[in-house]
Amino acid sequence: MNTSDLTFTTYLTFDGQCAEAMKFYQGIFGGELLLLPFDPRQMKVPESHLDKIMHSTLDIGTTKLMASDTLPGFNVRQGNAYTISIGLTDPEEATRIFHALSVQGDVIMPLQDTFWNARYGQVQDRFGIQWMMNCDLGAQT
């Protein structure tokens with residue numbers, strides 16, 4: 001396997017809040033958002049799922065965030081076994097993103113300067129998704 005061709009993309013599953021969550025993330029990160037609702041011509045789904053999202057992609061530069069609502073008959077179990085890690089070098093942008101994600105969410109660890117020369121914090125957003133912010137301060141400190 002040529003690992004230079006390998007990429008990982010975060011894929012989130014929601015229980016009916018996919019469109020709302022992805023629009024929220026687009027408002028924070030920018031990018032191009034594609035929302036594809038369940039279509040009964042392509043997939044047999046109950047009428048209750050016709051307003052839900054089968055697949056979505058938020059393209060942000062070279063990064064993608066993907067998500068969908070759960071399939072009919074399946075339940076979403078939010079947990080703490082995953083976290084999306086954001087790495088950047090602009091402290092003002094790190095602060096902006098961290099505070100935007102924390103609106104109606106819970107700050108797990110406040111954004112603060114650390115011994116590894118980074119501004120770091122953790123937040124769980126209003127959709128139950130956990131985020132780590134690591135801003136490399138480099139020579140800026």
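Residues are numbered from 1 along each chain as its sequence is written, and side-chain values use heavy atoms, with hydrogens and water left out. Because the model is predicted, local features need pLDDT of at least 70 and side-chain atom pairs count only at pLDDT 80 or more, while totals for chains, interfaces and linings use all residues.

The largest nonpolar core holds 28 residues. Such a core is a set of buried Ala, Val, Leu, Ile, Met, Phe, Trp, Tyr and Cys residues joined through side-chain atoms within 4.5 Å. Buried means under 20% relative accessible area, exposed means over 50%, and partly exposed lies in between (1.4 Å probe, protein chains only). Phe 14, Tyr 25, Leu 101 and Trp 131 have the most contacts inside this core. At least two core residues come from each of β1 (10-14), α1 (18-29), β3 (53-60), β4 (63-69), β5 (84-88), α2 (91-102) and β8 (130-136). Helix α1 gives the largest share, six residues. Helices (H or I, at least four residues) and strands (E, at least two) are DSSP runs, numbered from the N terminus. In soluble globular proteins, nonpolar side chains tend to be buried together.

Contact means heavy atoms within 4.5 Å. Leaving aside neighbours within four places in sequence, Phe 14 is in contact with Ala 21, Tyr 25, Ala 67, Ser 68, Asp 69, Thr 70, Val 76, Phe 127 and Ile 129.

Helix α1 was examined for length and for its buried side. The expected span of a helix is 1.5 Å times one less than its number of residues. For the twelve residues of α1 this gives 16 Å, and the end C-alpha atoms are 16 Å apart, in agreement. Cys 18, Ala 21, Met 22, Phe 24, Tyr 25 and Ile 28 are the buried residues of α1. They lie on the same side of α1, because they cover an arc of only 155° around the axis. The arc is taken from the directions from the helix axis to the C-beta atoms. These buried residues pack against β1, β2, β3, β4, α2 and β8. The face turned away from the buried side carries the exposed residues Lys 23 and Gly 27. Just after α1, Gly 30 takes a positive phi of about 75°.

The whole structure contains six salt bridges. A salt bridge is a side-chain nitrogen of Lys or Arg within 4 Å of a carboxyl oxygen of Asp or Glu. One of them joins Lys 64 to Asp 59, with the closest N and O atoms 2.6 Å apart. Lys 64 is partly exposed, at 37% relative accessibility. Asp 59 is also partly exposed, at 31%. Arg 96 and Glu 93 form another salt bridge (2.8 Å, N to O). Both lie in helix α2, three residues apart, about one turn of the helix. An α-helix has 3.6 residues a turn, so residues three or four places apart point the same way. Arg 96 has a relative accessible area of 35% and is therefore partly exposed. Glu 93, at 29%, is partly exposed. Arg 119 and Asp 113 also meet in a salt bridge (2.7 Å, N to O). Asp 113 is partly exposed, at 47% relative accessibility.

Two side chains reach backbone oxygens. A polar contact is a pair of N or O atoms within 3.5 Å; within protein, one must be able to donate a hydrogen and the other to accept it, and residues adjacent in sequence count only if both atoms are side-chain atoms. Lys 52 sits in the loop between β2 (32-37) and β3. Its side chain reaches the backbone oxygen of Ser 48 at 3.4 Å. Not counting residues up to four places away in sequence, Lys 52 touches Gly 16, Pro 37, Phe 38 and Asp 69. Ser 102 belongs to helix α2. Ser 102 is buried, with a relative accessible area of 16%. Its side chain reaches the backbone oxygen of His 99 at 2.9 Å. Ser 102 touches Val 107 and Val 123, again not counting residues up to four places away.

Backbone angles were also examined. Most residues other than glycine have a negative phi. Gln 104 has a positive phi of about 60° although it is not a glycine. Gln 104 lies in the loop between α2 and β6 (106-113) and is exposed, at 64% relative accessibility. Asn 117, not a glycine either, has a positive phi of about 60°. Asn 117 is found in the loop between β6 and β7 (118-124) and is partly exposed, at 28%.
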